[in-house]
Amino acid sequence: MKIKICGHCEQQSKKHRNGTPHEHLLKFDEPRVFIGNGPKGYTEQDYQCLTCTSKFTHSTNKRDLTWTLWRG
Ligand SMILES: [Zn+2]
């Protein structure tokens, strides 16, 4: 099933570094904090778009994409 995403989210999905959430993208849940080895933990935060209800996960893990769009 294909979901239609709004223009803001289309742009959001292309942000890789230092991207800030677009104006209709709100925090959806509590942040998840992952403690790594030593001080290098990272945080994941879910966001949901008010316009098209697309969900994103923002991660501070440098090995992941910064913004991940959930499809399906
Ligand atoms: Zn959207």
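## Model and confidence

The model is predicted; local features need a pLDDT of at least 70, side-chain atom pairs count only at pLDDT 80 or more, and totals for chains, interfaces and linings use all residues. Residues are numbered from 1 along each chain as its sequence is written.

The pLDDT is the predictor's confidence in each residue, from 0 to 100. The protein averages 88. A score of at least 70 is reached by 89% of the residues. Among the elements, strand S1 has the highest mean pLDDT, 97. Strand S5 (residues 67-70) has the lowest, 91. Where pLDDT is low, the predicted coordinates should not be read in detail.

## Strands around S3

Strands here are DSSP runs of E with at least two residues, numbered from the N terminus. Two strands pair if DSSP finds at least two bridges between them. Strand S3 (42-49) pairs with S1, S2 and S4.

S1 (residues 25-27) runs antiparallel to S3, with three bridges. Here Leu-26 faces Gln-48. S2 (residues 32-34) also joins S3 in the antiparallel sense, over three bridges. Arg-32 has Glu-44 as its bridge partner in S3. S3 and S4 are antiparallel too, joined by five bridges. Gln-45 pairs with His-58 in S4.

The hairpin of S3 and S4 has five residues between the strands. Most residues other than glycine have a negative phi. Thr-53 counts as exposed because it has 12 C-beta neighbours inside 10 Å. The cut-offs use C-beta atoms placed from the backbone: 20 or more others within 10 Å is buried, 12 or fewer is exposed, and in between is partly exposed.

Leu-50 sits in the loop between S3 and S4 as well. With 11 C-beta neighbours inside 10 Å, Leu-50 is exposed. Beyond four places in sequence, Leu-50 contacts His-24 and Leu-26. A contact means C-beta atoms, placed from the backbone, within 7 Å. Leu-50 and Leu-26 are 24 residues apart in sequence, yet their C-alpha atoms are 7.3 Å apart.

## The core

A nonpolar core is a set of buried Ala, Val, Leu, Ile, Met, Phe, Trp, Tyr and Cys residues joined through C-beta atoms within 7 Å. The largest has six residues: Cys-9, Leu-25, Tyr-47, Cys-49, Phe-56 and Trp-67.

Cys-9 touches Cys-49, Cys-52, Ser-54 and Leu-69, leaving out residues up to four places away in sequence.

Methods. Helices (H or I, at least four residues) and strands (E, at least two) are DSSP runs, numbered from the N terminus. Two residues are in contact if their C-beta atoms, placed from the backbone, lie within 7 Å.
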